[in-house]
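Hello,

Here is the structure we talked about passing on.

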Amino acid sequence: MCLAYLLGSISSAIVICRILKLPDPRTQGSNNPGATNVLRISNKRTAATVLVFDILKGTIPVWGAYFFGLEPLHLGAIALAACLGHMYPLFFDFKGGKAVATAFGVLLPIGLDLAGLLVFTWYFVAKTTRYSSLAAIITVSLAPFYTWLLKPLYTYPVIMLSILIVVRHRANLLRLLKGTEPKISKKY
């Protein structure tokens, strides 16, 4: 679990922005070090790079633990540790992102069918509403249901992960209710 947390603590958004001499994503745009905010302050290629690295830091520890034969509840704890590392990174003053891509990464080993449902749900909601946060909230809220349909053995760990992600989005939920949440720009 410690290794998963440490890997999760490597903020690809901050590291990539530093390498490319871009502003710190914690001080620009939405102030969130994640792929969506990196898209706001740079370009699609940089945001896609952040997205891939954030997914991998979730996938690597869970897949590794799976191959060691750990039980679903232990895999869930490793998944939570990777996401908590992203949210509260040891290496960046505990100021991290919302862990949506990392959560997707920890769910990826469950199966490509689950991954497809998650991607479709996020894309559909984001495309129709133009709210990345709403797409994330709805997608992670449906993840336990999708998991129950496809691989019920992993439902409880996915519920724990979903609650964590939704709670991390509480400020977004308030802004959505007030009508002040920023939309995804049409240029992207």
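**Salt bridges**

A search of the whole structure turns up 3 salt bridges. The term means a side-chain nitrogen of Lys or Arg within 4 Å of a carboxyl oxygen of Asp or Glu. Before the details, some ground rules: this is a predicted model, local features need pLDDT of at least 70, side-chain atom pairs count only at pLDDT 80 or more, and totals for chains, interfaces and linings use all residues. Residues are numbered from 1 along each chain as its sequence is written, and side-chain values use heavy atoms, with hydrogens and water left out.

Arg26 pairs with Asp24, with the closest N and O atoms 2.7 Å apart. Arg26 has a relative accessible area of 18%, so Arg26 is buried. Asp24, at 23%, is partly exposed. The cut-offs: buried is under 20% relative accessible area, exposed is over 50%, and partly exposed lies in between (1.4 Å probe, protein chains only).

Asp54 bridges to Lys57, and here the closest N and O atoms are 3.5 Å apart. Both belong to helix H4 (residues 44-67); they are 3 residues apart, about one helical turn. Helices are DSSP runs (H or I, at least four residues), numbered from the N terminus. Asp54 is buried at 2% relative accessibility. Lys57 is buried too, at 4%.

Arg175 and Glu181 form a salt bridge at 2.7 Å, N to O. Arg175 is partly exposed at 30%, while Glu181 is buried at 8%.

**Aromatic rings**

How many aromatic pairs does a search of the whole structure find? There are 4. The planes of Phe120 and Phe124 are at 20° and their ring centres are 6.1 Å apart, so this pair is stacked. Rings of Phe, Tyr and Trp (its six-membered ring) pair if their centres lie within 6.5 Å; planes under 30 degrees apart are stacked, over 60 edge-to-face, and the rest tilted.

Both residues sit in helix H7 (residues 112-129), 4 residues apart, or about one turn of the helix. Is Phe120 buried or exposed? Phe120 is exposed, at 53% relative accessible area. Phe124 is partly exposed, at 48%.

Elsewhere, Phe145, Tyr146 and Trp148 make up one aromatic cluster.

Tyr88 has a charge over its ring: the charged end of Arg168 sits 4.9 Å from the ring centre. That label requires NZ of Lys or CZ of Arg within 6 Å of the ring centre and within 35 degrees of the ring normal.

**Surface patch**

Tyr88 also belongs to a nonpolar patch on the surface. Other members include Leu3, Leu6, Ile10, Val15, Ile19 and Phe94. Together the patch residues have about 1000 Å² of accessible area. Patch residues have over 30% relative accessible area and no salt bridge; nonpolar side chains (Val, Leu, Ile, Met, Phe, Trp, Tyr) are joined within 5 Å, like charges within 9 Å. Areas come from the Shrake-Rupley method with a 1.4 Å probe; for residues, only the protein chains shown count as cover.

Helix H1 (2-8) and helix H2 (12-19) each supply at least two residues of the patch. Ile19 lies in helix H2 and is exposed, at 61%.

**Around Ile41**

Ile41 is in helix H3 (residues 35-41). Leaving out residues up to four places away in sequence, Ile41 touches Cys17, Pro23, Pro25, Gln28 and Gly29. Contact means heavy atoms within 4.5 Å. Ile41 and Gln28 are 13 residues apart along the chain, and their C-alpha atoms are separated by 7.1 Å.

Best wishes
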